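Hi everyone, thanks for coming. I'd like to walk you through one structure today, so let's bring it up on the screen.

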Amino acid sequence: MDLKLHLDFCFFVNADLVVTAGWTPRPQTDLVLHAGNASIPPRTMMRFARRDLRTMVPQGFIAIFDLSQEPGANDPSEELFLAMGRDYQALTRDRLAADFAKMVEIGVDETFFAYVRMIASGAVPAPEKPVSHRVVSRILAAPRLDKESPDYVLSVDQGVVGAAGQGVCTGWYIPSIASSEGLSALVISDRQLSPVQLMPGVMPRPDLQPFSDRYAFSGRDGWAASFRLPTPPTTPVRLVLMLPGQLIHSGVVRALDVASSDQVARVLVETTQAVEDRLLAARLHRGTLPPSKDPLPVLQVPPQVQDGPVLLILDHDLTDMDLRDVLRRVAAVVERPLQLHLLRAQLTEALNEAVAGASREAGSPIQLAGCSLTPPTPQGHDGQAIFARSSVLFHLEGGIATEATEDGPTLSIWALDPMANLPGGADPAAVARRFLTDRPPFAVQGPARVLLSPFAHPTAFLTPEAALRQTAAAMLATRDARILAAPAQGFLAGNRGPFCQNLIEGISWHDFDGHSARLISEAA
Amino acid sequence: MTRIVIVSHSHPALRYGGGEVAAYRQFQHLLAQGHDVYFVGSTIGPEDGARFFGPGQRILGFSDRDFCMRGMGMDSFSMEHPRLEDEDWTLDFLTALRGDVYHFHHFWNIGAGTIRRLRGLLPDARMICTLHELTAICANHGQMVKTSGELCHAASDVACAACMNRAPVDFALRRARMSEMLDLFDVLLSPSRFLANRFEAWGVSEGRIAVIENGLDHQAPPALLDNDTLVTRSRRFAFFGQATPTKGLDVLVRAAMLIDKRMGDLSAPIALDVYGVTAEGFAALWPQLKAPDWMRFRGRYRPQDCVSIMQGFGWIIIPSVWWENSPVVIQEARAAGTPMIASDIGGMAEKTADWGIQFRAGDPDALADAMQRVHDRPDILAQHSALIKEPLNLEGFDREWRVACGISA
């Protein structure tokens, strides 16, 4: 019997990770990668049956080696050998460079889809262009699985993706025989692959009891998944659900519904509430968020135009007609032309009249520069800017300075921190800490370029306030911002406008953003 | 000559409320005295506008000095024109009158924005406002009666939010807007001390509001009544007003029903006439109440006939369940020389303090007791009638008004 090691493909997926794929009849492979003096066991390995070997015995393998595990192993001058006992195969540099494309092109289905599963599990990173295009093409060209067969039954109940690339999917899956191997999934967007945080068996589904006569019903057969694409999608997004042992098919492919950010958030909240394990629920939420905090804005701002218009980015949380009074107050304090960006989905008649009315009374012009739920991008904004909720500006009597300081911090933050007025609550460090933890309402003022920097790309948040809080907090940490505890006594928050809505009963958009911010912060 | 512009939220040619009537009487008096005076009223809302105005028409001119603007409808919570073009037009019209004095009787249908801008455009004009009710303080029709029906003793953002089912910040903003607007007036007037006290408790500086009763021209006081007439009248009671729930007509009917049950206790017949309300109008509001036979609904009456009608009765009853300010009916009763039985709250208690009989507001038993105590008692009627002082006439009002507002004759 031939018990040798057969190496079909070997390639780098990055400077440290080497993928090897082949077959051997040996049940125990004991594969080792030798790099110079280092001997490295596989970090991840998968065995599977291959049709071309005409046996159901899992003789195929794919193994991932991490050269960074051993010092010096990733030295490019070192030769690499794959060993199984005394059987050695040299991994030549030309193969390491060329085999990736070959595997995608001519590798047997089982090897290819085993590799795809490793992307899904995060064992290897998703390939970059142009290989990713070929991988995607092969996945999409492969035969797909039906939602139901004698071996399993699977459903995708919900699948939504937002404009920022955040997505949530739910469904259920019951195999005919209980297996330790679970579902895995990827999403395809813009001919790129992205891994999905898929959690099988996390949601109770007693309603699936009728399937128990044909499948291994457990009562907890609901799965949930979340993801965030590296860039906002420009083409339809597809979910590929890969079933255990089904390596000659791509899996079940489902096009996801494009939804607004709040709709995605609502699905996420409903799903996480159904997940009993809070750790898993948090992980699911985390899966929709960017991997890290947004980078700090570039602080080299051009010289400020001292008497130019001030950009007011306003979360108007009062009745529409009350906008007039808020603008009047701000205009009276700023004493400079105001350019208003109203954070509303649409300009109602009452809002339009309110802007016009305030403009009639103000000493300087008030111009509506924009009306959308997202602030403008930084380009073209060289003056000063203010962001606040209307109720905050009303409470502060519009009294926030707009002078750019010569050498002072870039941003000024007025936090309505009720604890700051208590005998032991005024410590500036505590005010800064509570700004992030207690998330009090605030107004912030500074160069428009800095203030708008979080909005150059889609943010992780539903509300611009949360994105600005994160930026402001980061700048506080680097002393590029100052925080002032504004008197909070008597503050009455508004409850109107898009950002005061509840996603579901008891959880508002601001609550959701607070949770997202905590998850991002914990991950950092 | 000083040009005076009297501005009212309504026009008595179209609607006969206390505030607009007081404003119009002031206008007529000044006009009769040969002053340079204009009157600007308004229709209340779009319904009236469609009835009285043609397409594109914004003003009705009753004379070259007497105008009624087409009211386009104003939310009394905001006290602002919903459409800026209406504010612009109102402002243009008022400015075009080139007044030296602008006396506002109310600001509904005028708008806070109009007043702010008028103040900005005419910084040297004398701007006066008469507070006819509590609208600046209370968004529930300016009555300081809670939506649950209880009397309200003080406004607060949170309590008002609970009452009106709105966010507290809405009330903070409204308070700020109203307060800012009142600050713009050179003079604030109130027809009652009660109302002035409420505004001072709300935040208007003490002493800033001058109290001047509304003027009412009237005949010389009636001659002393002989005993037979006193006996007859002491058995006759009357109500003058509308069937709105806050006027307390239901309290009066309940009191009448109680008296009817005790009819055997009465020493003589009793009569109660209701003016301003028909039996049908009353039944529509309170179908479950059955007025006794001796209570008659007389329907509408001409305002100019009111005093002479009142002189046929012994007692005028004002059972309002809201505070009232300075009800015209009290001045009219004074002009008629007829004493009153009044709710013991607000402007009613203040204005009938020396010559009326008060009962616990909203309490039919207390009202029934009060009516029975004076029924068929000519001595009590004579005693109270003698205590009535004539109401301020328009000449007296004008005199006090000029002093309070610093306007020379």
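I'll go through some backbone details, then a helix pair, then the contact between the chains.

A word on the ground rules: this is a predicted model, where local features need pLDDT of at least 70, side-chain atom pairs count only at pLDDT 80 or more, and totals for chains, interfaces and linings use all residues. Residues are numbered from 1 along each chain as its sequence is written, while chains are lettered from A and ligands numbered from 1 in the order in which they are written.

Let's begin with the backbone. Most residues other than glycine have a negative phi, and most peptide bonds are trans. Now look at the bond from K129(A) to P130(A): this one is cis, with omega near 0°. P130(A) sits in the loop between helix 2 (109–121) and helix 3 (131–141) of chain A. Helices here are DSSP runs of H or I with at least four residues, strands are runs of E with at least two, and both are numbered from the N terminus.

You'll find D190(A) in the loop between strand 12 (184–189) and strand 13 (192–195) of chain A. Over in chain B, N109(B) also isn't a glycine, and its phi is positive at about 70°. N109(B) is in the loop between strand 5 (101–105) and helix 4 (112–121) of chain B.

Are these two buried or partly exposed? We count other C-beta atoms, placed from the backbone, within 10 Å of a residue's own: 20 or more is buried, 12 or fewer is exposed, and in between is partly exposed. D190(A) has 19, so it is partly exposed, whereas N109(B) has 26, so it is buried.

On to the helix pair. Helix 1 (residues 93–106) and helix 3 of chain A pack at about 15°, with axes 9 Å apart; axes are lines fitted to C-alpha atoms over the stretch in contact, and angles run from 0 to 180 degrees between N-to-C directions. The two helices are therefore roughly parallel, given that angles under 35 degrees count as roughly parallel, over 145 as roughly antiparallel, 65 to 115 as roughly perpendicular and the rest as oblique.

Finally, the chains: 17 residues of chain A are in contact with 17 of chain B, contact being C-beta atoms, placed from the backbone, within 7 Å. On the chain A side, helix 7 (349–361) and helix 8 (390–395) each supply at least two residues, and helix 7 gives the most, with 6.

Key: Contact = placed C-beta atoms within 7 Å.
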